[in-house]
Amino acid sequence: MMVSDSATLLLVAIRSGVQLSGQIRLAHVDATRRRELVLPLPRFETRTDWREAAEFFTTPGLGTGYASRDPYLQSLLDKARNSSLTREEQVELSHLHAEYAALKTTEELGQDWADGTRVDPEELAALFAVRQWQRRSLDPSPTVLQRLAGVLWEMGVDYASHQPDRFQLHGPLPRTLQAFFRGLDVSSDLPDPWLSELVPRLFQALAEHTSTPPGDIWGPRGPKTLHQLTSGILRVVARHVPPTGADGSNPVEDLATRDRIADWGEHLMRTVLRGITGDNSTEPSPFPLRFHSFDSKELPRVALDLLDAVASDPARLDHALGSVSLSPLLSAGIRLIGEHPSFSEEGSTGIPELLKHLADLLEAHPQRRFSQLLPELAERILRHAGEDPIRFWPIQTRAPSASPLVAITEQILTLAFQDTTEASSRPGFRPSDVVAIVDQVLNRCVDSPEVWLQPDGKPAEALQLGIRRWLALLTDRQPGRASPAQARRALEDVLDAVEGNPKPKTSPSRPAKTSRPKRTRRSPQTSKAAS
Amino acid sequence: MALLQPHLLAIAIAIGALLLTGCQSTNRLREAQSAFSEAARTDNHVLLAALLDRPGSPVQPGSGQPLPGSAGDQDLLSASASRAGYAAALLSLRQLTPRETAQLKSDRLWGTTLTLRALAQWRLGQFEEALRTVHTAEALPGEQLHPRDRTVLEILPALVAIDHAAAWVRTPAWEPNRSNGGLEIWRRRLVSPGLDPRSADDRLNRVLGRTGTEGSMRLYLLMCRLAAYRNFAEIHKTLAGTLPTADDPARREASHVLQDLGDHLRQSGANPTTLELFLAWKNRFALMPVPRPKATAEE
């Protein structure tokens with residue numbers, strides 16, 4: 001918290017809140033006026049009978065081709081012409097029409113008869129959502145930006161006057177604020193309580209992180225990135241706003257959901273800004289976060305993917321991804337996506353899918369306490385995948401299980417940490433030991449993929465053998481159980497042996513080999529050529 | 001996460017208090033909009049599923065097989081759910097207090113409110129009330145009426161006429177010796193051009209002429225015009241025993257409208273499979289799309 005907690009600031013905040021709420025109410029009115037309305041189609045007769053059938057089979061360009069090849073159909077049509085069809089024949093003709101009309105439709109759509117790729121009536125039903133103004137440019141109401149900019153600016157000035165050292169009015173600040181306000185412009189899609197919850201929070205986060213050290217750390221892409229981040233947060237939140245009111249949903253639950261998603265929006269903004277300004281003072285972390293200025297175009301993409309993942313599966317990911325875990329995850333994700341030569345601008349990065357996949361995996365694991373490992377495991381996987389993205393983060397399927405590193409993690413958790421009868425003789429692994437062991441193996445796989453991976457990317461038999469040999473060592477050890485540190489050293493030796501580099505016997509006090517020289521990372525061009 | 005700071009709490013309280021007093025009327029309108037849109041989406045889904053001949057489990061008591069395009073049990077359940085949605089929207093608007101009404105007027109939302117009320121009344125079969133609401137809304141000052149609402153109010157009498165015809169088709173009040181006269185009455189109501197009062201199709205066509213070539217309103221209007229013709233064709237079957245002939249002016253115009261629908265779907269950038277909508281009109285109702293003669297099209 002940068003702004004001191006004084007009575008003056010409280011008054012400033014209240015005054016700002018009052019001004020802001022007035023403008024937000026008007027923005028809410030504007031949004032209601034321009035809100036889409038689904039227009040119901042008038043009722044019309046959709047049933048057809050033998051008369052449409054006869055018309056279909058006798059009109060050139062419709063069904064004459066079918067009729068000419070079907071003598072029975074011809075006989076029915078002759079009778080229809082003479083008005084001598086029996087009731088059963090009328091129904092028969094009508095059903096033949098239904099079948100041939102469907103066939104004709106699929107032929108004309110260029111589809112196979114049974115491929116099932118027909119339009120969903122629900123998709124069509126949504127086409128009748130009509131806006132008040134067909135184009136946004138025709139809407140005379142002020143935009144949300146125009147409504148809020150004045151008040152927000154005033155808020156900013158108030159903060160600045162009380163914290164002049166934190167809030168500079170020159171340099172990149174005006175550019176930054178402009179980008180932020182533009183980002184707010186998409187917020188008309190957001191229902192009001194959400195808008196009034198989020199906007200002040202985001203602005204507050206921005207106001208607290210605008211102290212600019214020497215040099216323009218915002219970088220040339222800074223305003224664009226901030227704009228993408230602000231608008232993206234609002235868009236993601238809007239996508240996950242549950243319907244209220246008409247469905248009679250519980251307002252208490254709504255409030256809780258709103259708080260949770262708004263918390264995450266704000267937290268994301270703070271984390272990113274903290275990473276940009278290099279301010280790690282309020283978040284002690286083993287991974288001090290420092291993004292390389294706003295120049296990273298992957299930054300908003302990865303950040304918004306994380307927010308989307310949490311908002312779409314809050315029951316599991318909200319708790320699992322605690323506040324300290326976001327920075328390393330963001331760093332690892334940005335590096336991976338930045339290194340990946342095959343990522344286009346659109347589409348998912350695969351990171352939300354990875355988080356959900358790991359949540360599934362850990363949820364199913366007999367050792368439920370491992371569920372807290374999710375962020376660390378995800379971070380390790382992303383970090384190692386960044387070493388050789390083509391090999392370790394295939395994006396064709398967007399399925400996280402397609403990543404060899406995910407498959408290896410699964411195998412380690414399954415083989416090494418299941419509850420078995422031998423488990424009691426193994427070290428009492430803490431969650432941090434589990435992460436370290438997974439990290440140890442992933443490190444090996446990245447360094448020597450030819451040993452640990454099959455050509456198709458699946459874990460090689462050697463991995464299973466190595467882990468089993470290591471487990472046997474731990475179980476056979478006498479007397480007493482090994483400590484986790486000893487177990488990790490033993491694993492290192494076993495992995496060395498499998499790779500064909502047996503180490504000379506060393507004293508037990510030899511420090512664990514936790515890091516190996518990294519292979520030279522391939523450049524994107526090299527990776528592309530290799531792929 | 002405990003991210004709420006003391007002064008943010010103050011902001012939240014202040015905002016909350018103000019919004020509670022200022023947004024009630026807007027929120028009530030939004031609730032009504034949501035309920036109506038949800039009901040309309042359901043209704044459209046049911047109708048389009050039947051148009052594409054993809055009903056759920058069919059219902060035709062007493063007969064072995066239903067006619068193609070019949071609604072299924074599930075669809076009928078959905079239809080009753082949608083009625084509840086329209087009723088909820090209407091109820092919500094009826095409960096507006098004088099203070100809320102004044103607020104809506106001052107926020108220039110009163111035209112939107114009345115339009116929604118007229119639409120809900122139409123869907124609930126309260127045709128007379130719907131037309132009265134249209135009349136009231138049309139008398140509002142221009143600042144209260146916005147483009148979509150104005151268009152809806154203008155076409156609502158046409159929508160009422162089409163629904164009225166659909167209701168007649170389901171339970172025809174048919175007098176054999178007056179069949180020809182009855183058919184002409186329906187022709188004037190539904191599809192004849194240039195009469196006073198205007199037919200449903202004529203009214204829709206005039207609005208369509210003012211609507212741009214893009215947007216969902218155009219698609220909606222084209223579908224409404226085809227619906228007007230479709231109900232006329234069905235009445236023709238009932239009263240004259242046949243579909244309108246190929247040289248019937250109503251059928252010729254419907255062929256042009258169908259061509260317009262196909263062109264619109266192709267040019268709108270929608271998923272290509274949405275063309276099935278156009279093909280259903282063509283193949284199921286045996287209506288050939290015909291491009292307009294060049295001079296007419298340019299006009």
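**Burial and overall make-up**

Me: What share of the 299 residues of chain B count as buried?

Reply: A residue is buried if 20 or more other C-beta atoms, placed from the backbone, lie within 10 Å of its own, exposed if 12 or fewer, and partly exposed in between. In chain B, 49% of the 299 residues count as buried; in chain A, buried residues make up 44% of 531. The model is predicted, so local features need pLDDT of at least 70 and side-chain atom pairs count only at pLDDT 80 or more, while totals for chains, interfaces and linings use all residues. Residues are numbered from 1 along each chain as its sequence is written, and chains are lettered from A and ligands numbered from 1 in the order in which they are written.

Me: How many helices and strands does each chain have?

Reply: Helices (H or I, at least four residues) and strands (E, at least two) are DSSP runs, numbered from the N terminus. Chain A has 23 helices and two strands, whereas chain B has 13 helices and zero strands.

**Contacts and cores**

Me: Which residues touch the most other members of the largest nonpolar core?

Reply: Such a core is a set of buried Ala, Val, Leu, Ile, Met, Phe, Trp, Tyr and Cys residues joined through C-beta atoms within 7 Å. The largest has 106 residues, and B:F36, B:A89, B:L156, B:I162, B:C224, B:L226 and B:A228 touch the most other members. Helix α10 (residues 216-240) of chain B gives the most to this core, with 15 residues. A second, separate core of 91 residues includes A:L374, A:F392, A:V406 and A:I408.

Me: What does B:I162 touch?

Reply: Two residues are in contact if their C-beta atoms lie within 7 Å. Leaving aside residues up to four places away in sequence, B:I162 touches A:P42 and A:F44 of chain A, as well as B:A200, B:C224, B:A227, B:A228 and B:N231.

**Helix packing**

Me: At what angle do α2(A) and α4(A) pack?

Reply: Axes are lines fitted to C-alpha atoms over the stretch in contact, with angles from 0 to 180 degrees between N-to-C directions. α2(A) and α4(A) pack at about 115°, their axes 10 Å apart. The contact is made by A:W50, A:A54, A:F57 and A:T58 of α2(A) with A:L73, A:L77 and A:A80 of α4(A). Helix α2 (residues 50-58) of chain A is mostly covered, as eight of its nine residues are buried. The cover of these buried residues includes α3 (64-68), α4 (71-81) and α5 (87-108) of chain A, together with α10 and α12 (275-284) of chain B.

Me: Which residues make the contact of α14(A) with α16(A)?

Reply: The axes of α14 (residues 326-339) and α16 (residues 374-385) of chain A come within 8 Å and cross at roughly 25°. Therefore α14(A) is roughly parallel to α16(A), a class that holds angles under 35 degrees. From α14(A) come A:P328, A:L329, A:A332, A:G333 and A:L336, and from α16(A) come A:P375, A:A378, A:E379, A:L382, A:R383 and A:A385.

**Backbone details**

Me: Where is A:S83 placed, and is A:S83 buried or exposed?

Reply: A:S83 lies in the loop between α4 and α5 of chain A and has a positive phi of about 50° although it is not a glycine. A:S83 counts as exposed because it has 8 C-beta neighbours inside 10 Å.

Me: Which residues does the cis peptide bond in chain B join?

Reply: The cis bond joins B:D196 and B:P197, with omega about 0°. B:P197 is found in the loop between α8 (179-190) and α9 (200-210) of chain B.

How values were computed
Angles under 35 degrees count as roughly parallel, over 145 as roughly antiparallel, 65 to 115 as roughly perpendicular and the rest as oblique.
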